[in-house]
Amino acid sequence: METTPPRTPRRTASARHACELPWWKRTTVYQVYPRSFADSNADGVGDLRGVISKLDYLHDLGVETLWLSPFFDSPQADFGYDIRDHFGISAEYGSLEDCRALIDEVHARGMKIVFDMVLNHTSNEHPWFLESRRSRDSPKRDYYIWRDGRSPGGRAPPNNWRSMLGRRGWHYDRATGQWYWASFLSFQPDLNYRNPEVKAAMLDVVRHWLGEGVDGLRLDIFNALFKDAAFTDNPRSFRPVPTEDNPDGFFQQALHTLDHADTFEFARELRAVVDAVPGPSRFLVGEVFGAPRTLRRYCGEAADGLHLVFLFKAMRVPFSGPGVRALIEEFERDFPEPLCPTWVFGNHDRPRSMHRLGNHTGKAKLLALLQLTARGVPFIYYGEEIGMPHADIPAEHGLDPVAAHFRFVPNWIARRLRRSGILLNRDESRLPMQWEAGAHAGFSHHSATPWLAAHAGSAELNVAAQTHDPTSMLSCYRQLLALRNRSVALQAGSVTLLDLAHTPSSVVAFRRQHGEGDRAEVVDVYFNFSPRDVRIELVAPHGRALFSTLRGTLEDAGTTLTLRGYEGVVASPR
Ligand code: NOJ
């Protein structure tokens, strides 16, 4: 197997060594949805060799860490989030050899790789589940959560618990006359973490992939792992729909199904397992939902739990000065050092950020500035760097099992929900990456039929068209990432919100600082969240204006600066 010679690491040596924070607190993450990224063998489905062929692009973009959605052996009923064999690779994505080549190629470029671990459930085709459902006496029966129904005749579900998607989460198995529990969809039965054998087996999966050289794990619906051992009914609630900061919904509290005390404890156990794996430090990032104080508990009282948790609240932040300021204040209050916030504006389950921004490139550049300069770890969803638009695909054409689950919801309601951040047909945000103007946007060979058609606008909006355009979204991302990779202050500095005199509330400014006195590195960042020009007084006059989202590199910043509508500027005192 060929390996690429080592390339320039992501950060400059001085930026790396001048700072004592662990790498994962300073990193930048790029999420690849492998099915939609690059198809190397013209079968219409993206694959691992396809990802390898794009590593130079990602390296040049300036991101350090790649997180790949699951590509393990799976019937693909939920496109990989239904795993049949945790140690095998789904044939449509490649082979074990391809997987190892990917890990090596990523490392050869001085980059890192994160896999997606679905610990909560397996596919209903996993050999464990096939064995478990065979009979009540199966030695694997207790690998999953089986219960008798309530009388009469056990035909009523064991209790009132609803799945995360709002319907009953209990599914009746005629052959054995019992019900099994699934937090998500019926073909994704939950594992029983109260069975020590299950826990041990899943921890082996974790050790296995870290042993293969993986640098971190993203933990799928981690908040659902443990449920109430007594199967107590959930209390009623008035909330129809769960939100980022409150998982209660569908008219019940998720009191006994999510965020169980034993899951917080397990986060610490998992951390200890990960820390004990020999080699460089790794990180865990949890997909969890809820109020900040709940999310924070996953990180452990002594910062000895998950390294990071997704803070999905940023996806719904009002595009306004006061909204963004309040969010930064909240993240700093709830996730102070040694904790570290995350900055997420899109993923494979949510509307693309461009949708929320009305496809306004200037606004998207401002959001990129926030994501890449605020304190915390940015998670960039593939295509965000070119401003990939959201698609509008009616549920009846959806391949997504969630679209099938909600097929009864009229399209006009689905569109309204999408505006508030809830996506019923997730195909809409999983379209092929837009590489060039040719067939299938360069995602797949022209003779292939991609699993999802490329966006109609891909002939104009694509990587090739933006590569040499200094005003493009892609150039903005590249420059910002380069700036961040050079700056210890942006990677690891403290953040202080600045009060600017005589400035409207649509302007937000903060200072990132690393070190003290003569040796301090200071960077000031200014954002104008209004469409109007605003004249501001710079906190550090006559500094260097390093970068503007709308104008590229700037010269001497002077004492005052006119921020154009939706412009953001990074400046540094001399
Ligand atoms: C969350 C994942 O992000 C989503 O794509 C998946 O369908 C569910 N968990 C179930 O695994």
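This is a predicted model: local features need pLDDT of at least 70, side-chain atom pairs count only at pLDDT 80 or more; totals for chains, interfaces and linings use all residues.
Student: Let's start with strand 1. Which way do its side chains point?

Tutor: Val29 and Gln31 point one way from strand 1, residues 29-32, while Tyr30 and Val32 point the other way. All of them are buried.

Student: Why the two directions?

Tutor: In a regular strand the side chains alternate between the two faces of the sheet.

Student: Okay, and which strands does strand 1 pair with, and how?

Tutor: Strand 13, residues 377-381, runs parallel to strand 1 and is joined to it by three bridges. Strand 2, residues 65-68, also pairs with strand 1 in the parallel sense, over four bridges.

Student: Which residue does Val29 stand opposite in strand 13? And what is the bridge partner of Gln31 in strand 2?

Tutor: Val29 stands opposite Phe379. For Gln31, the partner is Trp67.

Student: Switching to cysteines. How many disulfides are there?

Tutor: The count comes to zero. Take Cys299, which is in no disulfide: the nearest cysteine sulfur belongs to Cys340, 9.3 Å away.

Student: Is Cys299 buried or exposed? What about Cys340?

Tutor: Cys299 has 3% relative accessibility, so Cys299 counts as buried. Cys340 is at 5%, so Cys340 counts as buried too.

Student: Now the aromatics. How many pairs does the structure hold?

Tutor: There are 41 aromatic pairs. One of them is Tyr30 with Phe37: the ring centres are 6.1 Å apart and the planes are at 65°, so the pair is edge-to-face. Tyr30 and Phe37 are both buried.

Student: What about Phe222 and Phe266, stacked or edge-to-face?

Tutor: Stacked, because the planes are at 20°, with the ring centres 6.1 Å apart. Phe222 lies in the loop between strand 9 (216-219) and helix 8 (261-276), and Phe266 lies in helix 8, so the pair ties together parts that are 44 residues apart in sequence.

Student: How accessible are those two?

Tutor: Phe222 is at 0% relative accessibility, so Phe222 counts as buried. Phe266 is at 2%, which means Phe266 counts as buried as well.

Student: Back to Tyr30. Which cluster do ring pairs link Tyr30 into?

Tutor: The cluster has Tyr30, Phe37, Tyr57, Tyr381, Tyr382 and Trp435.

Student: Which charged end sits over the ring of Trp435? And what lies over the face of Tyr382?

Tutor: The charged end of Lys54 sits over the Trp435 ring, 4.1 Å from its centre. Over Tyr382 it's Arg352, at 4.7 Å from the ring centre.

Student: Last topic, helices. What does helix 8 pack against?

Tutor: Its buried residues pack against helix 7 (196-211), strand 9, strand 10 (283-286) and helix 9. Among those buried residues are Phe264, Phe266, Leu270 and Arg271. Helix 8 has 16 residues and reaches 23 Å from first C-alpha to last, close to the 22 Å expected at 1.5 Å a residue.

Student: And how far does helix 10 reach?

Tutor: Helix 10, residues 321-334, reaches 20 Å from its first C-alpha to its last over 14 residues, close to the 20 Å expected. Its buried residues include Val324, Leu327, Glu330 and Asp334. The buried residues of helix 10 have packing partners including helix 9 (292-297), helix 12 (361-373) and strand 15 (507-514).

How values were computed
Residues are numbered from 1 along each chain as its sequence is written. Side-chain values use heavy atoms; hydrogens and water are left out. Buried means under 20% relative accessible area, exposed over 50%, partly exposed in between (1.4 Å probe, protein chains only). Helices (H or I, at least four residues) and strands (E, at least two) are DSSP runs, numbered from the N terminus. Two strands pair if DSSP finds at least two bridges between them. A disulfide is a pair of cysteine sulfur atoms within 2.5 Å. Rings of Phe, Tyr and Trp (its six-membered ring) pair if their centres lie within 6.5 Å; planes under 30 degrees apart count as stacked, over 60 as edge-to-face and the rest as tilted. A charge sits over a ring if NZ of Lys or CZ of Arg is within 6 Å of the ring centre and within 35 degrees of the ring normal. The expected span of a helix is 1.5 Å times one less than its number of residues. Contact means heavy atoms within 4.5 Å.
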